[in-house]
Amino acid sequence: MEAEPGSASMQTIPKAKDSTMSDRIFGVFGLLLAIFYIWAATIIKDSFMVDVVGPRAFPYMVGAVLGISSLYFIFRPDDEPAWPLFRDFAEIVFAAAVMLLYAWALPEVGFLISTVFATAYLTWRLGTKPLWSLVTGVLTSGGIYVVFHLILGLSLAKGPLGF
Amino acid sequence: MDILSLLGAGFEVALTPQNLFLALMGCFLGTLMGALPGLGPANGVAILIPIAFSLGLGPTPSLILLTSVYYGAMYGGRISSILLNIPGDEPAMMTCLDGYPMAKQGKAGEALSLSGVASFIGAFVATCGLVVLAPQLVKIALLFGPAEYFVLFTVAFATLGGITSTNQAKSAFAAALGLGIAMIGSDSQTGSQRFTFDHIHLYDGIDFLIAIVGLFALSEVFIFLEHHRSSIARKSETPKVGRILPDFKMILRCMPSIGRGTALGFFAGVLPGAGASLGSFLAYSLEKQSVDRAGDTFGKGDPRGVAAPEAGNNAASGGALVPMLALGVPGSGTTAVLLAVLLQLNITPGPLLFTKNPEVVWGLIAALFIGNFMLLAMNIPLVGLFTRVLMVPTRILMPVVAMISFVGIYSITGSTFDVMLMVGFGVAGWVLRKLEVPLVPVILGILLGNQMEVNLRRAMTISDGDWLTLVGSPLAIILWVIAITGFVLPMYFGRRVRARMESNRHE
């Protein structure tokens with residue numbers, strides 16, 4: 001039971017100091033968030049109704065837990081996670097940007113058109129050839145439109161062209 | 001009232017053509033989602049909630065659809081474990097250990113049918129356990145006042161990280177983050193605006209569905225984008241299934257293993273902070289200890305090593321429904337998502353659900369029994385169909401999943417702001433996962449935050465501002481002890497248990 005050679009002990013070997021930066025940065029960010037949260041709780045306005053505890057007490061407790069756990073990250077950080085290389089990281093940022101653009105485009109150009117391009121982009125970035133990505137985009141967009149809108153009757157975004 | 005007559009009424013609800021059809025669809029979709037690596041039961045249910053809701057299904061039909069998805073995903077998780085050595089979801093991790101070696105020996109068909117039967121027995125017995133145990137728990141829960149409920153929610157958060165948690169501060173941070181998000185919007189007691197900064201979109205608070213779909217489903221898409229190169233590499237393997245008919249001799253020989261796995265799994269499911277992953281882990285390690293001390297056959301394709309964890313994880317998923325339905329406090333990610341289903345339908349789970357809406361509870365339980373038989377039928381003869389789904393490359397599948405998530409959220413909110421918020425949650429989910437901050441407490445915090453606060457404030461109003469009311473009854477003190485133990489224990493044992501699970505996996 002006890003002797004599990006290498007597994008448990010190897011993972012807890014402390015690494016070099018600079019390999020714990022992520023958690024520390026995260027802790028500082030969390031602490032700022034906690035301070036902001038508690039400040040935002042102090043400016044909650046009372047309404048005409050009141051109860052014993054008021055609307056601020058629970059947010060204070062939540063903010064305190066946020067702050068204390070963030071302090072723990074700063075002083076007892078975990079090992080560095082495997083962050084992606086810059087290229088993969090850019091990949092994620094671009095994908096998020098495309099999704100935001102998609103959300104903005106939905107009411108502007110309609111569901112069918114915007115979904116073709118959003119799907120095609122994601123499929124392309126996951127390693128499909130550009131032309132096939134476009135085909136996948138068209139099929140996905142059409143397929144979702146038929147199944148969810150025409151058959152199941154969900155309301156999808158309508159553009160100026162009506163679809 | 002008699003449990004059997006209640007259950008009979010439940011079957012009347014579940015056996016209508018519409019509900020049978022929904023159960024069938026749910027089982028099918030669930031198995032599909034469980035089989036796909038990366039799309040676990042929580043994701044599957046999360047994506048389908050907005051869709052079920054905007055279809056305008058009533059409470060019982062929606063619940064039947066979505067819990068069938070949940071059970072189906074638990075069955076489906078094993079398929080990719082056995083064929084590809086990639087667990088379809090976390091609880092199916094242990095099934096890889098002996099399932100994949102069996103597949104390599106050309107016995108994939110036997111492994112699949114055996115694990116199908118093991119899943120069936122595990123889930124069936126657990127559903128029976130749910131019938132017996134949930135009403136008993138309801139009797140205890142009826143004694144709870146607001147103060148006890150507040151402590152019960154604390155127990156849920158304290159134990160949610162589970163025994164495998166390696167960093168309790170991160171679980172606490174995640175819970176506080178979720179609770180903090182839940183506070184946004186107008187205060188339910190006094191109507192004051194909180195954390196809205198005069199932003200109209202925030203007046204009603206943040207819809208928990210947006211957070212769930214973003215944190216679970218979209219962050220999965222980002223994880224795939226990050227690792228897309230490695231996912232292309234494994235395309236070359238073609239799973240061969242072989243004979244699909246179950247080998248009855250083998251199943252009979254595995255019966256004791258299935259029995260032990262089921263019992264352990266069920267208890268792991270009911271207990272707070274354990275869940276299906278621990279259920280299958282315990283079932284596997286105990287099985288190894290009891291029948292293969294020398295370590296000769298386990299890990300090399302022993303059918304008992306497939307049967308025990310599969311029975312364990314399916315029994316645990318049934319057991320996890322006990323606290324979710326009876327107390328309204330889920331113990332795992334997927335049951336948290338099921339809680340979201342209930343809340344979305346304006347049903348508050350807990351003891352009152354059993355007395356006020358018995359048709360919902362018992363219709364659901366009856367549907368689970370029926371779904372189990374459907375799943376058994378689907379998973380033995382039709383398993384070949386599901387293995388074919390695994391051939392669809394993820395590079396096509398993931399974008400489709402992302403788009404369906406968008407469709408679901410847009411169709412219920414119809415707002416660009418909410419869709420953008422979901423993307424934000426997706427990115428945040430990715431960062432948190434990288435930093436090993438668990439996402440389930442965040443979700444649970446968003447779901448339970450307001451109820452937790454309401455109970456605290458009610459308790460304080462009753463006691464006229466005396467904070468000692470929170471430790472004012474023996475029941476509350478017992479719950480505090482559970483909460484503190486559940487939070488402190490993993491600090492000592494978490495790393496060890498986690499390391500053992502990992503070392504089993506990488507052997």
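Buried means under 20% relative accessible area, exposed means over 50%, and partly exposed lies in between (1.4 Å probe, protein chains only). The model is predicted: local features need pLDDT of at least 70, side-chain atom pairs count only at pLDDT 80 or more, and totals for chains, interfaces and linings use all residues. Residues are numbered from 1 along each chain as its sequence is written, chains are lettered from A and ligands numbered from 1 in the order in which they are written, and side-chain values use heavy atoms, with hydrogens and water left out.

**Exercise 1. Domains of chain A**

Task: State how chain A is divided, and how far apart the C-alpha centres of its domains lie.

Solution. 
- Step 1. Take the bounds: domain 1 spans 15–75 and domain 2 spans 86–151. Such bounds come from an automatic or database domain assignment.
- Step 2. Take the centres: the C-alpha centres of domain 1 and domain 2 of chain A lie 37 Å apart.

**Exercise 2. The interface of chains A and B**

Task: Describe the interface of chain A and chain B by contacts, buried area and residue class.

Solution. 
- Step 1. Count contacts (heavy atoms within 4.5 Å). Here 76 residues of chain A touch 72 residues of chain B.
- Step 2. Give the area. The size of an interface is often given as the accessible area lost when the parts come together. Buried area is that loss (1.4 Å probe), summed over both parts. Between chain A and chain B it is about 6,300 Å², and carbon and sulfur atoms give 76% of it.
- Step 3. Pick out the leading residues. In chain A, Phe58(A), Met99(A) and Leu126(A) lose the most area to chain B, together 12% of what that side buries.
- Step 4. Count polar links. A polar contact is a pair of N or O atoms within 3.5 Å; within protein, one must be able to donate a hydrogen and the other to accept it, and residues adjacent in sequence count only if both atoms are side-chain atoms. The rule finds nine residue pairs in polar contact across the interface of chain A and chain B (both at pLDDT 80 or more).
- Step 5. Assign helices (DSSP runs of H or I, at least four residues, numbered from the N terminus; strands are runs of E, at least two). H1 (7–12), H2 (21–42), H3 (57–75), H4 (86–109), H5 (111–125) and H6 (130–151) of chain A each supply at least two residues of the side that touches chain B. H4(A) gives the most, with 14 residues.
- Step 6. Sort by class. Ala, Val, Leu, Ile, Met, Phe, Trp, Tyr, Cys and Pro count as nonpolar, Asp, Glu, Lys and Arg as charged, and the others, Gly among them, as polar. The side of chain A that touches chain B has 48 nonpolar, 17 polar and eleven charged residues.

**Exercise 3. Salt bridges**

Solution. 
- Step 1. Apply the rule: a side-chain nitrogen of Lys or Arg within 4 Å of a carboxyl oxygen of Asp or Glu. Across the interface of chain A and chain B the rule finds three.
- Step 2. Take the pair Lys170(B) and Asp78(A), whose side chains meet at 3.1 Å, N to O. This pair crosses between chains, from helix H8 (residues 168–182) of chain B to the loop between H3 and H4 of chain A.
- Step 3. Take Arg457(B) and Asp187(B), at 3.0 Å, N to O. They are 270 residues apart: Arg457(B) is in helix H21 (residues 440–462) of chain B, and Asp187(B) is in the loop between strand S1 (185–186) and strand S2 (193–194) of chain B. Arg457(B) has a relative accessible area of 1%, so it is buried. Asp187(B) is at 2%, so it counts as buried.
- Step 4. Take Arg260(B) and Glu287(B), with closest N and O atoms 2.9 Å apart. Helix H11 (residues 248–270) of chain B holds Arg260(B), and helix H12 (residues 275–291) of chain B holds Glu287(B), 27 residues apart. Arg260(B) is partly exposed, at 31%, whereas Glu287(B) is buried, at 1%.
- Step 5. Join shared partners. Asp51(A), Asp187(B), Arg194(B), Glu453(B) and Arg457(B) form one network of salt bridges.

**Exercise 4. Thr128(A)**

Task: Locate Thr128(A) and list its contacts beyond four places in sequence.

Solution. 
- Step 1. Thr128(A) sits in the loop between H5 and H6 of chain A. Its relative accessibility is 7%, so Thr128(A) counts as buried.
- Step 2. Leaving aside neighbours within four places in sequence, Thr128(A) is in contact with Thr123(A), Ser133(A) and Arg395(B).
- Step 3. A polar atom of the Thr128(A) side chain lies 3.0 Å from the backbone oxygen of Thr123(A). The side chains of Thr128(A) and Arg395(B) make a polar contact of 3.1 Å.

Terms used
Buried area = accessible area lost by both parts, 1.4 Å probe.
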